[in-house]
Amino acid sequence: MDRYLVFGHPVRHSKSPFIHTLFARQTQQELEYGLAEPAVDEFAQALRTFFEQGGKGCNVTVPFKEQAFTLVDHLSPRAKRAGAVNTIKLTDDGVLLGDNTDGAGLVADLKSHGVTLADSRILLLGAGGAARGALAPLLAELPSELVIANRTHAKAQQLAAEFCDLGHVTAQTYEQLAGSFDLVINSTSASLQGELPPLAPALIHTDIAIYDMMYGASDTAFISWAKQHGARQTMDGLGMLVEQAAEAFTVWRGIRPGTKQVLRELKRNLGVI
């Protein structure tokens with residue numbers, strides 16, 4: 001049976017085995033999917049061993065995405081642009097192909113919620129790996145402007161300069177932010193610690209869409225804060241998790257699974273519904 005797994009540290013909390021098992025059942029694909037949690041300095045060897053022992057593909061999560069970028073034989077255009085790899089496939093000719101499905105998963109989830117991206121003004125909070133993976137797919141949707149805000153302004157400036165060939169991208173400090181945004185995406189991990197990015201409440205209005213890449217059984221700190229200040233449409237990253245997994249499954253198996261039922265099952269598993 002074809003073997004897949006997810007590499008991460010820590011990774012025992014991962015819902016990827018649950019999601020991909022449902023995808024396999026739905027599409028009648030014979031495969032098994034597991035977890036691997038090598039020490040941070042043993043990832044390269046663990047990855048080599050997995051494929052030497054017959055592995056067909058894997059997902060890569062924190063903290064190994066940038067390292068995976070350097071370990072594959074070939075990079076997809078979106079992985080090259082993101083500077084990180086979250087999906088690896090062993091091709092029929094023995095090549096390790098590195099891909100990045102995070103941004104595609106984000107855009108698919110936003111669209112499933114009816115969020116209009118074309119001609120919109122988007123605010124992206126954070127300038128780390130999650131933001132980097134999201135930028136090219138977001139800009140491909142042709143927003144009127146995408147503003148990056150980050151605690152370390154130099155990192156936001158660097159990211160904006162790197163992606164400015166794809167659209168109207170600017171970097172601003174949190175203090176500089178002004179005007180009306182249609183969508184705010186929190187790519188920081190602040191919600192994991194129950195913390196908030198230093199965003200002015202005045203930027204929140206009733207017609208704004210709020211997206212937090214983090215998720216949990218209840219509202220994240222950022223979503224709770226946005227609701228308190230009048231935001232009516234709020235979304236967490238659970239749908240993105242399922243959509244990026246569907247994209248990875250498609251890369252591996254050449255067949256796209258449906259996501260709606262799997263997302264419902266995942267929410268039930270987490271106690272969300």
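At roughly what angle do the axes of helix α1 (residues 16–27) and α10 cross, and within how many Å do they come?

Reply: Happy to! This is a predicted model, where local features need pLDDT of at least 70 and side-chain atom pairs pLDDT 80 or more, while totals for chains, interfaces and linings use all residues. Numbering starts from 1 along each chain as written, and side-chain values use heavy atoms, without hydrogens or water.

The axes of α1 and α10 cross at roughly 145 degrees and come within 10 Å (axes are fitted to C-alpha atoms over the stretch in contact, with angles from 0 to 180 degrees between N-to-C directions; helices are DSSP runs of H or I of at least four residues, strands runs of E of at least two, numbered from the N terminus). The crossing of α1 and α10 is right-handed (near helix turned clockwise from the far one by less than a right angle). On the α1 side, the contact (heavy atoms within 4.5 Å) is made by F18, I19, L22, F23 and Q26. They meet V262, E265, L266 and N269 of α10. By class, this contact of α1 with α10 has 6 nonpolar, 2 polar and 1 charged residues (Ala, Val, Leu, Ile, Met, Phe, Trp, Tyr, Cys and Pro are nonpolar, Asp, Glu, Lys and Arg charged, the others, Gly among them, polar).

Helix α10 (residues 260–270) also packs with α9 (residues 238–253), their axes coming within 10 Å and crossing at roughly 130 degrees. The contact of α9 with α10 divides into 7 nonpolar, 1 polar and 1 charged residues.

Next to the packing comes a pocket (open points of a 1 Å grid with protein on both sides within 12 Å along at least five of seven lines; lining residues have an atom within 4 Å of a point). Both α10 and strand β12 (233–235) supply at least two residues each to the lining of the second largest pocket. That pocket is lined by 15 residues, and H113, T234, M235, D236 and K267 lie nearest its centre. By class, the lining of the second largest pocket has 5 nonpolar, 6 polar and 4 charged residues.

The partner helix α9 has a pocket of its own to mention. Along with β3 (57–60), α3 (65–71) and α6, α9 gives two or more residues to the lining of the largest pocket. Of the 39 lining residues there, T61, V62, K65, L192 and M214 lie nearest the centre. The lining of the largest pocket divides into 17 nonpolar, 17 polar and 5 charged residues.

Finally, the backbone on either side of α1 deserves a glance. Most residues other than glycine have a negative phi, and most peptide bonds are trans. In the loop between β1 (2–7) and α1 sits P10, and the peptide bond from H9 to P10 is cis, with omega near 0 degrees. In the loop between α1 and β2 (31–36) you will find Q28, whose phi is positive, near 60 degrees.

Technical notes
1 Å grid on protein atoms, 1.4 Å probe; cavity = no way out; pocket = protein on both sides within 12 Å on 5 of 7 lines; lining within 4 Å.
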